Amino acid sequence: MSGRDTLAHSGHAQAAASNLAYDLALLLFRGIINVFFREVRPRGAFNIPRDGPVIFVGAPHSNQFLDLLLALQVYRESGRRPAFLVAEKSMHRRVVGFLAKSLSSIPVARAADNAKAGTGKVYLSPDNPCLVLGEGTKFLEELRPRMSIMLSKAASSSTAEVAEVISDTQLRIKSEFHNETEKTTSLVREKSEEAKSQSIDGLTFKLLPYIDQNEMYRHVYQRLHEGGCIAIYPEGGSHDRTDLLPLKAGFAMMALGAMADDPNVKVKIVPVGLSYFHAHRFRSRAVIEFGHPMDVESELVEKFKNGGSEKREAVSGLLDQVYAALKAVTVRAPDYDTLMLIQAARRLYQPPGQHLTLGQVVELNKRFLLAYSYFKDEPRIQALREKVIKYNRLLRDLGLRDHQVPRAQKASWKTFGLLLYRVFLLLAWTVFSLPGVVLHAPIFVTASIVSNIKAKEALAASVVKVAGRDVLATWKVLISLVMTPALYAFYALVATLVAIKADAPLDRILWTPFLTLLALPCIGYAALKFGEAGMDVLKSLGPLIIALIPGKHRYLEHLKRVRQELAKELGEAIDEFGPQIWEDFDKNRIVVPSASVPPSSGKLGLWRRRSGVGAVDAQGNLLSHPMTWLDERLFGWSRSAENSREVSRAGTPPGSDDEDSGDYDDLLKVPQSEGKASKVQGQRGSYADLQKLRAVGKSH
């Protein structure tokens, strides 16, 4: 065998080993995702290029470690293995670093991760915003051109690159101080004056080293030249804001640089939006949406080659294009209150009986936000906004959720029987889940405490986080991954010691640790299933109790009328303003007026999301509710009423699109038992192609 053949064989072996490590890491991560999330839905997976160099640009980066599910979905839908760009600091962490290395991640050094405290205090010259003055500083010793200085959090952690070090107390910066979103010269001056009024010489600062990223770009270019794909979250760090942060220019430099180096390389950029429903909560839901792949324009590549101002113009142009594409696949709100308002309006707009997929819920949220940004100053919209807020207050006062209101009916003996049945069910699920909950309690408690501590630390160190929720889920998972094997080993040891003390036969003593280690995951799995079902039942008891309290029924009826009037007014406003934004409004609408909602036919279509009877859940991992068949036989949740005025609902658990709902929410109204049970096959795969769904619905 020649030397060239030997090298080729060695390269193939390394690639095979790398792919195997990648697949095993994804298998582990898939298990984590399936346990942490109740449901993950892909949309637009057909947009993933099956070959050629691709950069997946994800946003918002709102769930730190768990945002790696982008790689999982790409692999499941296309078989491709994207390499993530990961902060070099994270690569040195045990669990995250292990997974990142296994996923062929490319480390990215960040100056902020290597920051050191500077000596003395600094403030801006009153005459020149690019001249920094110091008191007790050692600029000549500590700083060099191309390094940066970062001011304290009081000054919004503003940064600036050093252009020239004049003396120990004077330096010139390349441009004015800025933070993630804007220039901060005025803020820096204001905070400096406040400090001086308190007899403090100026602001504290940190020294940020210049980072040479040539090695990182070399790895990226090599992967793209080989026809591979990479994934990046260009906002820089994770956050829990309701809108996107300004994008870093790195991915644009990568795409343009790779094409400038080799004219035969045609890089595609795929925008990816992640929408979480309570991202920090255990057993929450998520939607990951892949936008249309974007070609990098040859004109931008030529400008990039020319360097100087044209290079900056090319990078800026590509940034703007990708930012616009990300806006189309993400749910963006200016603030939390607006997001809550939009979600409330979306729930009101959806007629009872129309069960939307999670993907369609996300799409409706995006459309509502876009329309609201256009017409929020209209008197009719402002009046409607106040009515929605008032309606939400009524819901909160009664302890109800919106999707429970349309099903409210006058209490009867069936309601009382249903309440007793649910209480019995809750007790049963509690008993079944209790052993697993007790055995895993050390993990739950520790994960909760540590994650909250880490969230506070992250919030204190950041100027972009709102509550630090983006780190909660990450630390819950990391603590669980570390503690679970240790706790299981401890239980196995205790079980073995008990067997020895009980003078058990030798063969039983030898088998005890293995049987214990085998039984504990099963007990944990049972606790997960029964506990989840129990929580859903617990949430359903409040409305039943309200319905049974004398005199409360008229409040429910009033709330029902308020909702009907509000939904009607909202629908009329949408019909009026919607066509002003979308020319094809009627053709591409997701929600159909309630009069045209078809009854359940048991066939795949737009109206159903999954089966409720013994169904595999959205991730295909059999985490459906236990003993659903008993619920069906006793109360017939999945049976359609023969009355044509009654719109059939999905079986238990219903495919609820409400981000706050559980799977036992169809409870205020006792369904009719006549009719034949209708089973619906669960839908899998992408949900972005609404036209495709609509065509399937019509064909049936």
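The model is predicted, so local features need pLDDT of at least 70 and side-chain atom pairs count only at pLDDT 80 or more, while totals for chains, interfaces and linings use all residues. Residues are numbered from 1 along each chain as its sequence is written, and side-chain values use heavy atoms, with hydrogens and water left out.

**View 1. A salt bridge joins Asp23 and Arg81.** A salt bridge is taken here as a side-chain nitrogen of Lys or Arg within 4 Å of a carboxyl oxygen of Asp or Glu, and by this rule the count comes to 22. In the pair shown, the closest N and O atoms of Asp23 and Arg81 are 3.0 Å apart. Asp23 belongs to helix 1 (residues 3-36) and Arg81 to the loop between helix 2 (69-78) and strand 3 (83-87), so the pair ties together parts that are 58 residues apart in sequence; helices (H or I, at least four residues) and strands (E, at least two) are DSSP runs, numbered from the N terminus. Asp23 is partly exposed at 24% relative accessibility, and Arg81 is likewise partly exposed at 24%, where buried means under 20% relative accessible area, exposed over 50% and partly exposed in between (1.4 Å probe, protein chains only).

View 2. Glu194 is partly exposed with a relative accessible area of 34%, and Lys191 is partly exposed with 22%.

**View 3. Glu289 and Lys366 form a salt bridge.** The closest N and O atoms of Glu289 and Lys366 are 2.8 Å apart. Because Glu289 lies in strand 14 (residues 284-290) and Lys366 in helix 12 (residues 358-375), the pair ties together parts that are 77 residues apart in sequence. Glu289 is buried, at 8% relative accessible area, and Lys366 is buried at 10%. A network of salt bridges links Arg43, Glu289, Glu363, Lys366 and Arg367.

**View 4. Helix 11 meets helix 17.** The axes of helix 11 (residues 336-349) and helix 17 (residues 552-581), which are lines fitted to C-alpha atoms over the stretch in contact, come within 9 Å and cross at roughly 100 degrees. The two helices are therefore roughly perpendicular to each other, a term for angles of 65 to 115 degrees. With contact meaning heavy atoms within 4.5 Å, the residues involved include Leu348 and Tyr349 in helix 11 and Leu566 and Ile574 in helix 17.

Notes. Axes are lines fitted to C-alpha atoms, for helices over the stretch in contact, and angles run from 0 to 180 degrees between N-to-C directions. Angles under 35 degrees count as roughly parallel, over 145 as roughly antiparallel, 65 to 115 as roughly perpendicular and the rest as oblique.
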